[in-house]
Amino acid sequence: MAQRKLSAPRIFDGTRFHENSALIVAEDGTIEALVPAPEAGDAERFEGILTPGFINAHCHLELSHMKGQIPEHTGLVDFVLLVISGRSEREATMPEAIAAAAEEMRRNGIVAVGDISNTTDTVSQKKLGHMRYYNFVEVLGWAPAGADASYRRSVEVLKGFEGCGPAALVPHASYTVSDPLWQLLQPHFGGHTISVHNQETPDEDEFIRNGSGAFVELYQKLGVDNRHHAGKGMSSLRSYFNKLHNAERRLLVHNTFLPEEDLAYALQTAGDSTFFCLCINANLYIENKVPSVEILRRHGAAIVIGTDSLASNWQLGVHEEIRSLRKHFPQVPLEEILGWATLNGAKALQMEDTLGSFEKGKTPGVVLLDPETLEVRRLA
Ligand SMILES: [Zn+2]
């Protein structure tokens, strides 16, 4: 089979940089070898960093038509209300918006997406096979009486994702899933990566711990029965983390207000199979806050990167998330952040057998990254 030899001043292999090296890639994108440049002989020479394709660990592709619809810095509660009222507007433009967003991700060097789906709106796009998806079919239902109906509806949505890659039923968040609904979901977790929106706003812990705060008002406005909830006397993370015990991997998304003691608890309980997803641009968009990067690093937590949706981001690009992380956390080495964007993300989605690093036999994609401008170009 024909092959390409690619060289650049630095090659990031998924874990670390190699200098003066060349990547040998088969025509179909399979990695054959990473060798010292002189061994490769004649190679195509690029300026910048060669990196495996990026993993976008958290997205909501089905909200792509909401780009620019919600103002910045509303805070999470108003954001949620605006998504609920706005998500079915302009329904006619949905398929085009989904296709354009998927193409934007592909162009930006993204090879796999952990995608939250409340509906089957993205199924036809996913079946085209342009990218890999882990389909997180998201379940919500705070009123205990509605647990059965929420569950049955989600099981139907899940069936629609056959042929789109792995798919799992996942809880939206601690404050939107009632105990009876958790009980229905838990038997489905085995073998899967289970994603949860975690501690995205201070209101979340306030509501779960004390039964008070902005979410009480949110449920009043939505007419959702909240009489069963008087507060659980513990943080959001502690209220649900053990319920994920049979999941193969856990993906906690946002962590903008993750307390250090909760992180320590999660790591102690299931540290080797729990991933913490940063969506810094969405946090800046919604809450104008940055996530707890230094706490996560200090504890050696496995970090991954997500874009969230076009309802809460200006674009879908992992390199744009890296740009914001570099701006707000300049002390974090680029090498470390690239690991979050590639191999860690692949592990979170259980795709590390084929994606995330330049190991022989994998097909991770090849992206050229300019270390100064952080612009990207897809090479394979
Ligand atoms: Zn999200």
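1. Start with the metal site. In sequence, the residues that donate to the zinc ion follow the spacing H-x1-H-x136-H. The model is a predicted one.

2. The protein donors are His-58, His-60 and His-197. Water is not among the atoms, so the site may look incomplete.

3. His-58 belongs to strand S6, residues 54–59. His-197 belongs to strand S10, residues 193–198. The pair therefore ties together parts that lie 139 residues apart in sequence.

4. His-58 is buried, at 0% relative accessibility. His-197 is buried too, with a relative accessible area of 5%. Both count as buried because the cut-off is under 20% relative accessible area.

5. Now the cysteines. How many disulfides are there? The count is zero. The rule asks for a pair of cysteine sulfur atoms within 2.5 Å. Cys-164 is in no disulfide. Its nearest cysteine sulfur belongs to Cys-59 and is 15 Å away. Cys-164 is buried, with a relative accessible area of 6%.

6. The nearest cysteine sulfur, that of Cys-277, lies 4.0 Å away. Why is Cys-279 in no disulfide? A disulfide needs the sulfur atoms within 2.5 Å, and the Cys-277 sulfur is 4.0 Å away. Cys-279 is buried, with a relative accessible area of 0%.

Key:
Residues are numbered from 1 along each chain as its sequence is written. This is a predicted model: local features need pLDDT of at least 70, side-chain atom pairs count only at pLDDT 80 or more; totals for chains, interfaces and linings use all residues. Side-chain values use heavy atoms; hydrogens and water are left out. Buried means under 20% relative accessible area, exposed over 50%, partly exposed in between (1.4 Å probe, protein chains only). Donors are N, O and S atoms within 2.8 Å of the metal (3.2 Å for Na, K and Ca); water is not among the atoms, so sites may look incomplete. Helices (H or I, at least four residues) and strands (E, at least two) are DSSP runs, numbered from the N terminus.
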